[in-house]
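Q: I am new to this structure and would like to learn how to read its features one at a time. Could you guide me?

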Amino acid sequence: GDWSSDVCSSDLFLIALIGTARPASAQPTALPKTQPGHVLTLEKSVAWALQNNPELAVARQQRGIAQAGVVIGKTYPFNPVWGSAIMGDNGPAAAGITNHVFQQHAVTQEVELRKQGKIRREIATAAFSRVEWEIALQEQKMAVHTIRAFNGYLYQQEKLRVLDDTIRLQEDTSKKVKQFVDLNLRLKAADLMLARSDE
């Protein structure tokens, strides 16, 4: 129906954008070359779309960030901190100040209590797992869109072929009717006009 043709045209537009919408820094990847006798199959089309789609490339970069989060989560991040403050302390001679340099030094060490390290590692692992699932979901969506566009293209191509066959059949019919009319064989000029209108 009308809805399916709209979906097919939108999917064909999506396939066209796959190759044109590229990140500015990425090197353009050429479409798979088709040689005589070499056909771009559905499997190759899906593989090419999954490999070259810029949205998927951005999503896959999140995997590295999530992996870094897991490494950080497994590392004890709290190093000792040494803080120092040195200040001058002067005043009038009548004040009797004997120490003109005030110094303060502090060493602190943060300690994890109540299994905070385990919780931190679980959060990092859960974030990595979520990124993996999001990438898988986007890849699945792209594969489905590619399959629909591929099948829609084949459908439109076959539909065009059938329409071409119908036009050729109408042309042949018109020629035959004209021959019968010219020979006055049971056909009249009205029959010729009907055949030409169908053509």
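Q: Where is the place of L113?

A: L113 is found in the loop between β2 (101-108) and α4. The model is a predicted one, in which local features need pLDDT of at least 70 and side-chain atom pairs count only at pLDDT 80 or more, while totals for chains, interfaces and linings use all residues. Residues are numbered from 1 along each chain as its sequence is written, and side-chain values use heavy atoms, with hydrogens and water left out.

Q: Does L113 count as buried or exposed?

A: Buried means under 20% relative accessible area, exposed means over 50%, and partly exposed lies in between, with a 1.4 Å probe and protein chains only. L113 counts as exposed because its relative accessibility is 57%.

Q: Which residues make the nonpolar surface patch that includes L113?

A: A patch consists of residues with over 30% relative accessible area and no salt bridge; like charges are joined within 9 Å, and nonpolar side chains (Val, Leu, Ile, Met, Phe, Trp, Tyr) within 5 Å. Here Y76, V111 and L113 make a nonpolar patch of about 310 Å². Accessible areas come from the Shrake-Rupley method with a 1.4 Å probe, and for residues only the protein chains shown count as cover.

Q: How many helices and strands does the protein chain have?

A: The protein chain has 5 helices and 2 strands. Along the sequence they follow the pattern α-α-α-β-β-α-α. Of the 199 residues, 16% count as buried. The chain exposes about 15,500 Å², of which carbon and sulfur atoms supply 61%.

Q: How should I read the packing of helix α2 against α3?

A: Two packed helices are described by the angle between their axes and the distance between the axes. The axes are lines fitted to C-alpha atoms, for helices over the stretch in contact, and angles run from 0 to 180 degrees between N-to-C directions. Helix α2 (residues 42-52) packs with α3 at an angle of about 55°, and their axes are 6 Å apart. This makes α2 oblique to α3, since angles under 35 degrees count as roughly parallel, over 145 as roughly antiparallel, 65 to 115 as roughly perpendicular and the rest as oblique. A49, L50, Q51 and N52 in α2 meet P54, L56 and R60 in α3.

Q: How many salt bridges does the structure hold?

A: Side chains of opposite charge can pair when their charged atoms come close. A salt bridge here is a side-chain nitrogen of Lys or Arg within 4 Å of a carboxyl oxygen of Asp or Glu. The structure holds 7 of them. One joins E139 and R60, at 2.8 Å from N to O. This pair links distant parts of the chain, with E139 in helix α4 (residues 116-182) and R60 in helix α3 (residues 54-74), 79 residues apart. E139 is partly exposed at 24% relative accessibility, and R60 is partly exposed with a relative accessible area of 24%.

Q: Which residue forms a salt bridge with R63?

A: The side chain of R63 meets that of E132, at 2.7 Å from N to O. R63 lies in helix α3 and E132 in helix α4, so the pair ties together parts 69 residues apart in sequence. R63 is partly exposed at 26%, and E132 is partly exposed at 27%.

Q: How far apart in helix α4 are R130 and E134?

A: R130 and E134 are separated by about one helical turn because they are 4 residues apart in helix α4. They form a salt bridge whose closest N and O atoms are 3.7 Å apart. R130 is exposed at 52%, whereas E134 is partly exposed at 40%. A network of salt bridges also links E158, R161, D165 and R168.

Q: Is I135 buried or exposed?

A: I135, a residue of helix α4, counts as buried because its relative accessibility is 3%. Leaving aside neighbours within four places in sequence, I135 is in contact (heavy atoms within 4.5 Å) with A59, R60 and R63. I135 and Q61 are 74 residues apart in sequence and 9.8 Å apart in space, C-alpha to C-alpha.
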